Each structure stands twice: as structure tokens, then as C-alpha cells.
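The following note sets out points for a colleague reading this model. Please consult the sequence and coordinates alongside it.

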Amino acid sequence: AVVSTQSTGDGMNVLAVREFTKHVADWMRAGNGPVVAEVETYRYYGHSMSDPGTSYRTRDEVQEVRKTKDPITLVKSMMIEGELATEAELKELDGECRKIVDDATKFARESPELDTHEMFNTIYTDMDGTRIRGSDSMTYGIHSP
């Protein structure tokens, strides 16, 4: 990968991201100065609930990218082809991950809502009494353990 003060990497390929990041880090460690590093990815969904993401691209385009360039599918294929895992092992791992996410989601939905004063607590370590900026420049909270 060629690195200059402005470089772009393929964010849809985990190995390409690794190599890109390595080259950028090596460039900077060699004393060549900072780099604006951009990693290009594809967003399957719109920006928000009011933006379904279909006004500026077709559903066929999204499906084609998902089918041919999806990072998770690509890594799975590389792992199977490199004999790092079997399809059955990856399917089992996927099931385990889905269970972890489902359990965490269930826990979050069933847990009582916290009082607003709790929103700044235990976010960071060693910050007792530190002001933490809220969602706008005029709102602050105080961190407490």
C-alpha cells in the first residue's frame, strides 16, 4: 500500500484494513508525519429512521454489495478456505454470538430505567467529580463512581 499524507483503505476487507493500518503506522513511526487515513465502508441502512437509504441507491445495489463485498461473509470464506475453521464451526460460533446478544438485549429491556443523574456515573475510571459535557455545549454532568 502506498501511504501519503492522505490515504484510503478498503474497509470492507478486514485483512486489507490490517495491512493499511500497519502501513500507515509504519509511515508515521518512521517520522514521516501524520496521515489522514480514510477507510471506506458501505452502509447497508439509511442514516436514521427517517432515511431508509433507498432514495439515493436501489435495493438491488445494496443486495449486490451485501452478496459480493460483505466483510463478515468475506472473513468467513477466508477462514474456511484457509482451513482455520469449518462451516459448521462458524455456524456454531454464530449461534453462540446470537445467544449472547439476545440475552444482553433481553436483560436491557427487562431492566428498570435509570434515573437521569445516573447517566454520567461509572463511564470512565479515575474521574470522580469531573465535568462531562452533555449532548450540547451548555449541558454538563458530574461523574461519580
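In which helix do Lys99 and Asp103 both lie, and how many residues apart are they? Both belong to helix α4, where four residues, about one turn of the helix, separate them.

1. Basis of the note. This is a predicted model, in which local features need pLDDT of at least 70 and side-chain atom pairs count only at pLDDT 80 or more, while totals for chains, interfaces and linings use all residues. Residues are numbered from 1 along each chain as its sequence is written, and side-chain values use heavy atoms, with hydrogens and water left out.

2. Confidence. The pLDDT is the predictor's confidence in each residue, from 0 to 100. For the protein its mean is 84, with 78% of residues at 70 or more. Helices (H or I, at least four residues) and strands (E, at least two) are DSSP runs, numbered from the N terminus. Confidence is highest in helix α4 (residues 87-110), at a mean of 97, and lowest in strand β4 (residues 140-142), at 65.

3. Asp103 counts as partly exposed because its relative accessibility is 42%; the classes are buried (under 20% relative accessible area), exposed (over 50%) and partly exposed (in between), with a 1.4 Å probe and protein chains only. Lys106 and Glu110 also form a salt bridge, at 3.9 Å from N to O. These two residues of α4 are likewise four residues apart, about one turn of the helix. Glu110 is exposed, since its relative accessible area is 58%.

4. The Arg18 and Glu19 pair. The side chains of Arg18 and Glu19 meet in a further salt bridge, 2.6 Å from N to O. Arg18 is classed as exposed because its relative accessibility is 52%, whereas Glu19, at 34%, is partly exposed.

5. At the start of α3, a side-chain oxygen of Asp70 comes to within 3.1 Å of the backbone nitrogen of Ile72. Ser77 is placed in α3 and is partly exposed, because its relative accessible area is 32%. Between Ser77 and Glu87 the C-alpha to C-alpha distance is 8.8 Å, at a separation of 10 residues in sequence. Glu83 lies in the loop between α3 and α4. Its phi is positive, near 55°, in a residue other than glycine. Glu83 is exposed, since its relative accessible area is 73%.

6. The largest pocket. A pocket is an open set of points on a 1 Å grid over the protein atoms alone, where a 1.4 Å probe fits, with protein on both sides within 12 Å along at least five of seven lines; lining residues have an atom within 4 Å of a point. The largest pocket holds about 210 Å³ of space, the volume being that filled by probe spheres set on the points, which are joined across faces, edges and corners. Its lining consists of Ile72, Val75, Lys76, Met79, Leu90, Leu93, Asp94, Cys97 and Arg98. Helices α3 (71-81) and α4 each supply at least two of the lining residues, and α4 gives the largest share, five. By class, the lining has six nonpolar, no polar and three charged residues; Ala, Val, Leu, Ile, Met, Phe, Trp, Tyr, Cys and Pro count as nonpolar, Asp, Glu, Lys and Arg as charged, and the others, Gly among them, as polar.

Conventions: A salt bridge is a side-chain nitrogen of Lys or Arg within 4 Å of a carboxyl oxygen of Asp or Glu. A polar contact is a pair of N or O atoms within 3.5 Å; within protein, one must be able to donate a hydrogen and the other to accept it, and residues adjacent in sequence count only if both atoms are side-chain atoms.
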